[in-house]
Amino acid sequence: MTQPKRYASLCMCHYVTQITPVSTDIISTVEFNHTGELLATGDKGGRVVIFQREPESKTEPFSQGEYNVYSTFQSHEPEFDYLKSLEIEEKINKIRWLPQQNAAHFLLSTNDKTIKLWKVSERDKRPEGYNLKDEEGRIKDICTVTSLQVPVLKPMDLMVEVSPRRVFANAHTYHVNSISVNSDYETYMSADDLRINLWHLDITDRSFNIVDIKPANMEDLTEVITAAEFHPHHCNLFVYSSSKGTLRLCDMREAALCDKHSKLFEEPEDPSARSFFSEIISSVSDVKFSHSGRYLLTRDYLTAKVWDLNMESKPLETYQVHDYLRSKLCSLYENDCIFDKFECAWNGSDSVIMTGAYNNFFRMFDRNTKRDVTLEASRESSKPRAVLKPRRVCAAGGKRRKDDISVDSLDFTKKILHTAWHPTENIIAIAATNNLYIFQDKLNSEMH
């Protein structure tokens, strides 16, 4: 894969924008499927939009296919819990694809309480010539049937059908923040603030509680679960992160209830650097296993860290995402931005990591060369095939170059929380409020 310095040549291949920028249009999750041919987004209005990569053009054999809308459906509706007098938002918190087993695709989507399994399939033929039904589907009078015929399949316009196959409900008291499909392809887990449940994809009426950190007295609560994910290859291993900045690796072979972790990943705190905001900014907002399964990538408010599963005492690598905000923590606390939950992503070879920032900036770090780049997803640079230019933020009072932007000029309402990377190619999806940007590496596409 290419190095971040070459990502200065990332170009726009397609972008989607919601016409009316209302709150329900804000994208809340982005996820490629296992082949990268499909890309799903969920929004605060409970909708899921699936994009499909178009095949390469015959007139331009060296051009990469663009992503166009494949299907749109309403996954969740707003609900009301009458027992607790609680409104349940329709917002899609996470989407996870299941590996494709046949012609159809399956995905899981969840809001705060309910997880749903959806089947996405295509139909380009329709049966005709029934013996007991007329053309409109009404049952014929048997007395009028004087001869028998063999029904045939006739071509029709391609139709994409999305249908709910399972609904997994009533298992979470608190808000679901993560779902993760196991490598056995039969089970998945869902995590909320205090518990993690294990589900079988074919069983909706029960789940097994595998982590429960709820104290007997809620006044003794010191941390919550922020994210959880299964190991990509070992079906017995999973990791979950906490608001205290710790990671716990659990092995389901050890006990049915994994309250006792196998490994605890925690970085010692520097007492001299402790402040009022230390615990808030150390909270892990996302954790991702590398494709190889050897490393963990985590994101807290100011940094992205890579952990080696064989080294628990400290992270293998630490990358400063926007260290220039350290002097702004007080104002970020007052406007609640300090509680924003940024996601992170690996590239296909685990050599480059990506995460979002403010002002519609996103950051890439090359683990091999230690180079990094800041790029911007903006409507000004969203012309097809436009080349992205590296951006640089300078601290307040520092020397500014021509195209530098001051930390005081950053727009904190424009934030990139959700990102995804194609599993094998240099194609990335960036969700910026109600816009979806899809970029691809220009140099990489030219080689193909």
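Two strands pair if DSSP finds at least two bridges between them. The legends below use that rule. The model is predicted.

**Figure 1**
The chain has 448 residues, and 50% of them are buried. It holds 3 helices and 32 strands. Take the contacts between residues at least 6 apart in sequence: 55% of these join residues at least 24 apart. The accessible surface is about 22,500 Å². Carbon and sulfur atoms account for 50% of that surface.

**Figure 2. An open sheet of 4 strands, in the order β2-β3-β4-β5.**
The pairing in this sheet is antiparallel. Strands β2 (27-32) and β5 (67-74) sit at the edges, and each pairs on one side only. Neighbouring strands are turned by 20° against each other on average, direction ignored. Strands of a sheet pair through backbone hydrogen bonds, either parallel or antiparallel.

**Figure 3. The β2-β3 hairpin.**
Strands β2 and β3 run antiparallel and are joined by 5 bridges. Glu31 stands opposite Ala40 in β3. The hairpin has 5 residues between its strands. Gly36 lies in the turn and has a positive phi of about 85°. Is β2 enclosed or open? Of its 6 residues, 5 are buried, so β2 is largely enclosed by the rest of the structure.

**Figure 4. Strand β3 against strand β4.**
Strand β3 covers residues 38-43, and strand β4 covers residues 47-53. The two run antiparallel, with 5 bridges between them. The largest nonpolar core, with 29 residues.
Tyr301, Leu325, Leu332 and Leu410 have the most contacts inside this core. At least two core residues come from each of β21 (295-299), β22 (303-308), α2 (329-334), β24 (344-346) and β26 (361-366). Beyond its neighbours within four places in sequence, Leu325 is in contact with Tyr301, Leu302, Leu332, Tyr358, Val407, Leu410 and Phe412. A second, separate core has 16 residues. Ala345, Val352, Leu375 and Leu388 are among them.

**Figure 5. Lys288, a buried lysine in strand β20.**
Strand β20 spans residues 286-289. Lys288 has a relative accessible area of 15%. That value is under 20%, so Lys288 counts as buried. Setting aside neighbours within four places in sequence, Lys288 is in contact with Arg96, Glu229, Tyr295, Leu296, Leu297, Cys344 and Trp346.

**Figure 6. Asp336 and Asp350, each with a positive phi.**
Most residues other than glycine have a negative phi. Asp336 has a phi near 70°. Asp336 lies in the loop between α2 and β24. Its relative accessible area is 48%, and Asp336 is partly exposed. Asp350 has a phi near 65°. Asp350 is found in the loop between β24 and β25 (352-356). Asp350 counts as buried, at 8% relative accessibility.

Terms used. Residues numbered from 1 in each chain as written. Predicted model: local features only at pLDDT ≥ 70, side-chain atom pairs only at ≥ 80, totals over all residues. Heavy atoms only, no water. Buried < 20%, exposed > 50% of the residue type's maximum accessible area, 1.4 Å probe, protein only. Contact = heavy atoms within 4.5 Å. Axes fitted to C-alpha atoms, helices over the stretch in contact; angles between N-to-C directions. Core = buried A, V, L, I, M, F, W, Y, C linked by side-chain atoms within 4.5 Å. Areas by Shrake-Rupley, 256 points an atom, 1.4 Å probe, with all protein chains shown as cover.
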